[in-house]
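Let's take a walk through this fold together, one piece at a time.

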Amino acid sequence: MDTSTAVEVSSPTFSSSSSSCSLDDVMYDVMYDVFLSFRGEDTRKTFTDLLYWRLKRAFVDVFIDENELRGGEIIPDKLNQIIQRSRISVIIFSRRYADSIWCLEALEKIMECRRTLGQIVLPIFYDVDPSDVREQTGSFAEAFQKHEERFHGVKDKEEKIQSWRKSLTEAAGLDGLALSTFDG
């Protein structure tokens with residue numbers, strides 16, 4: 001993915017131009033079989049890389065962000081379109097997933113497409129308890145505490161934080177896989 005389309009700002013900006021998913025728009029316009037959502041610093045060189053290559057060997061057309069987005073970058077419209085035009089989204093929840101505003105924004109788009117398009121969403125809980133994701137406890141509570149401190153008193157940002165919480169709860173309530181680093 002070309003990150004030059006991403007806009008760098010000093011504090012996170014949330015894309016208001018992300019269009020709603022429409023079944024008519026996407027039904028015959030699939031770009032990828034699978035979209036992988038993950039926190040790069042947690043799983044890129046381990047689990048996510050392994051999953052990506054296993055899927056590719058099985059001739060699955062899979063999207064993985066090849067470049068790390070720096071903190072403060074918004075999700076480019078192109079990435080929103082890729083999420084929208086994927087058949088399946090796999091969300092790899094890890095301990096630092098909620099630290100990333102980019103991950104939370106992508107998750108929000110994924111869950112929107114699940115609700116409006118019936119997109120298949122598979123959560124994988126990699127070395128994190130699904131209840132920590134669902135209830136925003138543990139490392140997820142720590143991440144949200146930082147987000148809330150950062151955006152304290154900023155109305156639209158506080159609403160955005162609540163939307164992220166709702167998306168995490170919704171995604172963690174789906175059937176998925178729970179893996180620990182001991183699983184290999």
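Is the crossing of α4 and α7 left-handed or right-handed? Before you decide, bear in mind that this is a predicted model. Viewed with that in mind, α4 and α7 make a left-handed crossing. Two packed helices are described by the angle between their axes and the distance between the axes. For α4 and helix α7 (residues 155–172), the axes come within 9 Å and cross at roughly 60°.

From α4, the contact draws on Ile101, Leu104, Glu105, Leu107, Glu108, Met111, Arg114 and Arg115. Helix α7 brings Lys160, Ser163, Trp164, Ser167, Leu168, Glu170 and Ala171. Sorted by class, the contact of α4 with α7 has seven nonpolar, two polar and six charged residues.

Helix α4 (residues 101–117) also packs against helix α3 (residues 77–84), with axes that come within 9 Å and cross at roughly 40°. This makes α3 oblique to α4. The handedness here is right-handed, as α3 passes α4. On the α3 side you will find Leu79, Asn80, Ile83 and Gln84, which meet Trp102, Ala106, Lys109, Ile110, Cys113 and Leu117 in α4. By class, the contact of α3 with α4 has seven nonpolar, two polar and one charged residues.

From the helices, let's move to the sheet. Five strands make up an open sheet with parallel pairing, and their order is β2-β1-β3-β4-β5. At the edges sit β2 (62–63) and β5 (177–179), each of which pairs on one side only. Further in, strand β3 (residues 86–93) and strand β4 (residues 120–126) pair in the parallel sense over six bridges.

Our last stop is the aromatic rings. A search of the whole structure finds six aromatic pairs. One of them joins Tyr32 and Phe63 in an edge-to-face arrangement, 5.3 Å centre to centre with 65° between the planes. Because Tyr32 lies in strand β1 (residues 32–38) and Phe63 in strand β2, the pair ties together parts that are 31 residues apart in sequence.

How values were computed. Residues numbered from 1 in each chain as written. Predicted model: local features only at pLDDT ≥ 70, side-chain atom pairs only at ≥ 80, totals over all residues. Heavy atoms only, no water. Pairing = 2+ DSSP bridges. Helix = DSSP H or I, 4+ residues; strand = E, 2+ residues; numbered from the N terminus. Axes fitted to C-alpha atoms, helices over the stretch in contact; angles between N-to-C directions. Parallel < 35°, antiparallel > 145°, perpendicular 65-115°, else oblique. Left-handed = near helix turned anticlockwise from the far one by under 90°. Contact = heavy atoms within 4.5 Å. Nonpolar A, V, L, I, M, F, W, Y, C, P; charged D, E, K, R; others polar. Phe/Tyr/Trp six-rings, centres within 6.5 Å; stacked < 30°, edge-to-face > 60°.
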